[in-house]
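Please look over the model shown below before reading the points that follow.

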Amino acid sequence: MSNDVRTAPSAVPVTAPTAPAASGAPTPGASAPPKRRKTNLVVLGGSMLVDGGEGSISTTLFPVIQAALGLATSALGILAAAGRIVGAVAGPVWVYLARRFSRKWILAIATGFWGLWGIAAGFAQDFTQLLIFYTIMAAGPAAAHAIVPEVIGDSFEDKKRGRVVGWLYGGVAAGSAVLAPLIGQLANVEDGWRYGFFVFGAINMLFGLLIVLFFKDPGTGNGEAQLRGFTQAERDAESKITWTKVVSLMKIPSYLILLGSRLLSSHLLLAAFGVVMLVQVYGFDTAVAATVMAPFGIGYLVGTIIGGYLADVLNRLSPDYGRVGLLQAAQFLFAIVAFFATQVAYGGILPFLVLFGLVGLTMGLNPGVNRPLVMAVVPPELRGAAFAIFVSIIESVAFAIYTLTAGFLADAIGMQAVMFWLVVVIMVVNGLFLSFLYRPFKRDRLALEAELDRRREHILAKEAAESA
């Protein structure tokens, strides 16, 4: 990275140039969309699904792993936290390597061939070995968390990003809903958790090959109406990445508030410890308790689709406040449903199936809202870094803290109390915190639009000068 610094864009959109554009120059929205963008979503979504299944073995089957290796409940928190911590380091590294070499090959290696480490985890003979292999395995999916949203932003225009993110994450959730009860049944098979790691690791490696064969990189900035149709070289000339620019992410107020909200996002704790809670607090066996992950996955699918479409509709009605309001509402809704899913005994599994479905739905509202919000204020060339910080670092650090705390507190005060304080209460605080996002988001969104308009005008002016 060089150290050149460009003039910061104004907050008012720049008007179109009066000079005639070069012959054949593209107009906003007139050029064809990137090729194979739907195929990209299929192979990347499949890889993310398998990554998720591989990672969920430790949570869904923890009671049998616990019995097999003689572990305390806190071991689950250590595993989950270690996976997140390594993700916090690995995410930015994968983004750097993708920028330095190729997004296609980094995705193939990190989210595909990396499944070799999952197979190794299946051979673990004690907690130390399991922790080492599981932690290395967890470094791979961190690439998808950072790079896949960047690819979506480079493939689709702003008005479609909510629904695209919703369908992608919803499709992954739907697959997880199918896999969850199957993974749960491995609890009834001797050493079933080992077979789970073996199978998912092998399938992951297969998806690495599929990414190599079918993924086509759309190119950085190709999802913006102002820049689509220009060559990658022309777009890159206007968007050189410098250390100064990366640091400037911390000067975008809306992005900082979204990072703060991510630190307060403890809902993943319920997904990680939900099965264990049902076993320890309400007395269900592991196979029965694991069935709640099916409606959870279905609910998450419905939530991501509804959230994505609703976010796009609200964005059309109010580009400055629509998505922000939906994100805030999602936090409050989750906290309400989480209370009834964790603090009330119902005497059977059926009410929990319904409630975990609603938990998944309210949790699923988030991806189709928060990812487009980041894309709306961060320049295309910095989105990989932005999502690496947003998901790989901030979310991972927060989740590591929550899971470690939950694991140790569960042994001291019980899992039900942990769910109340670390999930319900913190998510209410998160919803209140998002009130700070309304004012700066409008200013930051308009500033990015002005910058993209400036880049387009500069490219057209250069083309006109070269053809004169």
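**Notes on cavities and a helix**

1. The lining of the second largest cavity divides into 3 nonpolar, 6 polar and 1 charged residues. Here Ala, Val, Leu, Ile, Met, Phe, Trp, Tyr, Cys and Pro count as nonpolar, Asp, Glu, Lys and Arg as charged, and the others, Gly among them, as polar. This is a predicted model: local features need pLDDT of at least 70, side-chain atom pairs count only at pLDDT 80 or more, and totals for chains, interfaces and linings use all residues. Residues are numbered from 1 along each chain as its sequence is written, and side-chain values use heavy atoms, leaving out hydrogens and water.

2. The volume of the second largest cavity is about 60 Å³. (A cavity is a set of points on a 1 Å grid over the protein atoms alone where a 1.4 Å probe fits but cannot get out; lining residues have an atom within 4 Å of a point.) Among the residues lining it are Arg262, His267, Gln331 and Phe390. Helix H12 gives the largest share of this lining, 3 residues. (Helices are DSSP runs of H or I, at least four residues, numbered from the N terminus.)

3. The largest cavity holds about 1,300 Å³ of space. Of its 50 lining residues, Gly52, Ser56, Arg84, His145 and Leu268 are the closest to its centre. Helix H1 (residues 37-60) supplies the largest share, 11 residues.

4. Helix H9 (residues 192-214) has 23 residues. Its buried residues (under 20% relative accessible area, 1.4 Å probe, protein chains only) include Trp193, Phe200 and Phe207.

Notes:
Helix = DSSP H or I, 4+ residues; strand = E, 2+ residues; numbered from the N terminus. Expected span 1.5 Å × (residues − 1). Buried < 20%, exposed > 50% of the residue type's maximum accessible area, 1.4 Å probe, protein only. 1 Å grid on protein atoms, 1.4 Å probe; cavity = no way out; pocket = protein on both sides within 12 Å on 5 of 7 lines; lining within 4 Å. Points joined across faces, edges and corners; volume = space filled by probe spheres on them.
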